[in-house]
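Subject: Structure for your review

Dear colleague,

I am handing over the structure we talked about, and I would be glad if you could look through it with the notes below beside you.

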Amino acid sequence: AQAKIEIFTSPTCPHCPNAKKAVEQYAKENDVKVVETSTYNQKGQKRAQQLEVRSVPTLFITSPQYPERIGFVGVPSKRQLDKMVNIALLKDQWEKKEGLLSKLKKIRIRM
């Protein structure tokens with residue numbers, strides 16, 4: 001099964017192009033689907049509000065195997081993307097220590 005990365009962006013965000021580039025490059029090298037949601041239009045704003053997105057770039061990583069969304073704010077490194085996707089695909093587990101994963105968090109979404 002495939003993991004999916006939803007990236008929230010805005011055309012006025014100075015960090016969004018780098019985050020989008022990192023996610024798209026990662027998707028090319030791995031079996032990952034990418035969906036970009038722009039907060040610049042009403043549909044994107046509504047989706048961001050539903051998921052309580054407060055800043056951009058924000059990523060959510062999901063997969064059919066993992067019941068929760070994994071959220072990340074900022075420009076991810078390849079290593080961070082690997083970790084999040086592997087957790088979503090149940091190939092890895094959360095770590096308790098600080099450091100690489102200090103920006104990662106489990107986010108429960110109200111439906």
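Glu52 is found in the loop between H2 and E3, where helices (H or I, at least four residues) and strands (E, at least two) are DSSP runs, numbered from the N terminus. Although Glu52 is not a glycine, its phi is positive, at about 60°, and because its relative accessibility is 38%, the residue counts as partly exposed; buried means under 20% relative accessible area, exposed over 50%, and partly exposed in between (1.4 Å probe, protein chains only). Before going further, please note that this is a predicted model, in which local features need pLDDT of at least 70 and side-chain atom pairs count only at pLDDT 80 or more, whereas totals for chains, interfaces and linings use all residues. Residues are numbered from 1 along each chain as its sequence is written, and side-chain values use heavy atoms, with hydrogens and water left out.

The loop that holds Glu52, between H2 and E3, also contains Pro57, and the peptide bond that leads from Val56 to Pro57 is cis, with omega near -5°. As background to both points, most residues other than glycine have a negative phi, and most peptide bonds are trans. A positive phi is also found at Leu90, which is not a glycine and has a value of about 65°; Leu90 is in the loop between H3 and strand E5 (105-107), and because its relative accessibility is 53%, it counts as exposed.

As for the overall layout, the chain has three helices and five strands, which follow the pattern β-α-β-α-β-β-α-β when read along the sequence. Of its 111 residues, 41% count as buried, and among contacts (heavy atoms within 4.5 Å) between residues at least 6 apart in sequence, 63% join residues at least 24 apart.

Turning to the strands, E3 (residues 58-63) and E4 pair in the antiparallel sense over five bridges, given that two strands pair if DSSP finds at least two bridges between them. A hairpin joins E3 to E4 through two residues, and Leu59 has Phe72 as its bridge partner in E4. Strand E4 (residues 66-73) is mostly covered, with six of its eight residues buried. Ser63, which has its place in strand E3, counts as buried because its relative accessibility is 9%. Leaving aside neighbours within four places in sequence, Ser63 is in contact with Gln2, Ala3, Ala88 and Leu89, while its C-alpha atom is separated by 9.0 Å from that of Ile5, 58 residues away along the chain.

How many aromatic pairs does a search of the whole structure find? The search finds one, on the criterion that rings of Phe, Tyr and Trp (its six-membered ring) pair if their centres lie within 6.5 Å, planes under 30 degrees apart counting as stacked, over 60 as edge-to-face and the rest as tilted. The pair is formed by Phe8 and Phe60 and is edge-to-face, with 5.9 Å from centre to centre and 90° between the planes. Because Phe8 lies in strand E1 (residues 3-9) and Phe60 in strand E3, the pair ties together parts that are 52 residues apart in sequence. Both Phe8 and Phe60 are buried.

Among the helices, the axes of H1 (residues 16-29) and H3 (residues 78-88) come within 10 Å and cross at roughly 60°; axes here are lines fitted to C-alpha atoms, for helices over the stretch in contact, and angles run from 0 to 180 degrees between N-to-C directions. H1 and H3 are therefore oblique to each other, since angles under 35 degrees count as roughly parallel, over 145 as roughly antiparallel, 65 to 115 as roughly perpendicular and the rest as oblique. The contact is made by Ala22, Val23, Tyr26 and Glu29 of H1 together with Lys78, Leu81, Asp82 and Val85 of H3.

Lys78, in helix H3, counts as partly exposed because its relative accessibility is 47%.

With best regards
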